Amino acid sequence: HEGAIKFKMQREPVTIHDLVVGDVVRKLTDREEIDPDFVIQRSDGQPVFHLVNVIDDLEMNITHVIRGEDHLSNTAKHIVLFQAFGVPPPHYAHIPLILNGDGSKMSKRDKGASLMSYLDDGFLPEAVVNYLCLLGWSPKDNLEKISLAEVVQRFDLPQILRHNARFDYEKLLWLQGEYARELKDDRFYELAVHTFARAGVDTNAFPLGYVKAALDTCKGKFKTFSELPGYAGFYFTDKIEYDAEAVKKDFVPENQPRLQKLRDAFTHAPAFNAESLEAALKETAKTLGVKAGALVHPCRLAVTGKTSGPSLYHLLQVLGKERVMARVEKALASFG
């Protein structure tokens with residue numbers, strides 16, 4: 001290495017006292033036996049990772065280095081560098097790697113590797129932190145939903161598992177759902193409104209009471225906030241686009257007169273609230289000699305454009321009589 005500076009490496013094995021792995025004796029490899037010294041500064045004057053890493057830790061008075069076990073092979077070099085500076089090395093703890101669900105090594109392009117992806121997908125920070133803490137570690141009682149404060153109290157390096165952790169997206173979604181159900185109203189509204197804004201929907205164009213009532217019908221019905229615009233966007237637009245497959249199934253000729261009867265029943269309902277509308281639909285179904293579902297499905301499709309979503313009777317109440325009637329009339333006109 002012409003012009004480069006090399007560090008004279010000791011020939012004896014280096015013992016790494018690792019807080020997770022235990023004592024690891026690092027001997028020179030066959031190649032290193034021939035040339036054990038390693039470059040610490042390149043010929044262009046640039047220092048290499050090993051030297052920079054050690055100096056950085058020295059300047060910040062680092063006491064513990066916790067990193068992936070794929071760095072264990074570098075640690076012997078770092079220890080001798082600390083010793084060369086006349087300073088005791090920090091304590092090392094090499095933790096298992098995080099793998100993809102299929103067992104392959106996770107890269108920065110894989111699902112779950114980017115922090116921004118959690119924000120884009122509408123995950124709650126506390127759910128993500130909770131899940132990440134369980135990758136390679138778990139409390140003694142196998143508690144899965146655990147706050148950061150509890151993790152700080154319970155965490156101990158010897159508890160870290162030796163095998164590599166696999167990223168389980170379904171478990172992350174489960175935790176997200178658990179945290180989402182417990183959100184206080186104010187934070188739920190704030191996050192929901194922000195999510196709609198990112199999707200190009202201005203909820204400020206609607207009365208605050210209407211927005212809150214609409215969002216109340218969504219609580220506990222979705223996991224990530226990114227699902228919300230698709231789940232409840234019908235509240236904030238009159239441009240309803242019908243699910244194409246549902247149209248083939250629910251907007252069939254025999255359902256047109258049924259939806260007309262339901263429209264009339266809603267028109268004459270004593271009150272436009274969930275309880276009254278449910279009674280009107282069930283009574284109409286009984287009069288027509290059909291199951292309630294024969295009316296529920298075309299009605300939901302007419303007013304939301306979708307086959308699933310919030311409770312039908314409650315979303316009808318929130319939308320209000322004027323919107324519901326206008327959407328039902330539009331749906332009736334679209335029957336083939």
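This is a predicted model: local features need pLDDT of at least 70, side-chain atom pairs count only at pLDDT 80 or more; totals for chains, interfaces and linings use all residues.
Me: Why are helix 5 and helix 7 called oblique to each other?

Reply: The axes of helix 5 (residues 125-133) and helix 7 (residues 169-181) cross at roughly 140 degrees. Angles over 145 degrees count as roughly antiparallel, and 65 to 115 as roughly perpendicular, while the rest, once those under 35 are also set aside as roughly parallel, count as oblique. Helix 5 and helix 7 are therefore oblique to each other, and their crossing is right-handed.

Me: How do you know that helix 5 meets helix 7, and which residues take part?

Reply: The two axes come within 9 Å, and contact is taken as heavy atoms within 4.5 Å. On the side of helix 5 the residues are E126, A127, V128, N130 and Y131, and these meet K171, L172, L175, Q176 and Y179 in helix 7. By class, the residues of this contact divide into 6 nonpolar, 2 polar and 2 charged.

Me: What makes the space lined by K111, G112, S117, Y118, D121, F123, Y169 and L172 a cavity?

Reply: A cavity is a set of points where a 1.4 Å probe fits but cannot get out, and a search of the whole structure for cavities of 30 Å³ or more finds 1. About 30 Å³ of space lies in the largest cavity, whose lining includes Y169 and L172. Helix 4 (115-120) and helix 7 are the elements that give two or more residues to this lining.

Me: What is the make-up of that lining by class?

Reply: The lining of the largest cavity has 4 nonpolar, 2 polar and 2 charged residues, with Gly counted among the polar ones and Tyr among the nonpolar ones.

Terms used: Residues are numbered from 1 along each chain as its sequence is written. Side-chain values use heavy atoms; hydrogens and water are left out. Axes are lines fitted to C-alpha atoms, for helices over the stretch in contact, and angles run from 0 to 180 degrees between N-to-C directions. Helices (H or I, at least four residues) and strands (E, at least two) are DSSP runs, numbered from the N terminus. A crossing is left-handed if the near helix is turned anticlockwise from the far one by less than a right angle, and right-handed if clockwise. On a 1 Å grid over the protein atoms alone, a cavity is a set of points where a 1.4 Å probe fits but cannot get out, and a pocket is an open set with protein on both sides within 12 Å along at least five of seven lines; lining residues have an atom within 4 Å of a point. Grid points are joined across faces, edges and corners, and a volume is the space filled by probe spheres set on the points.
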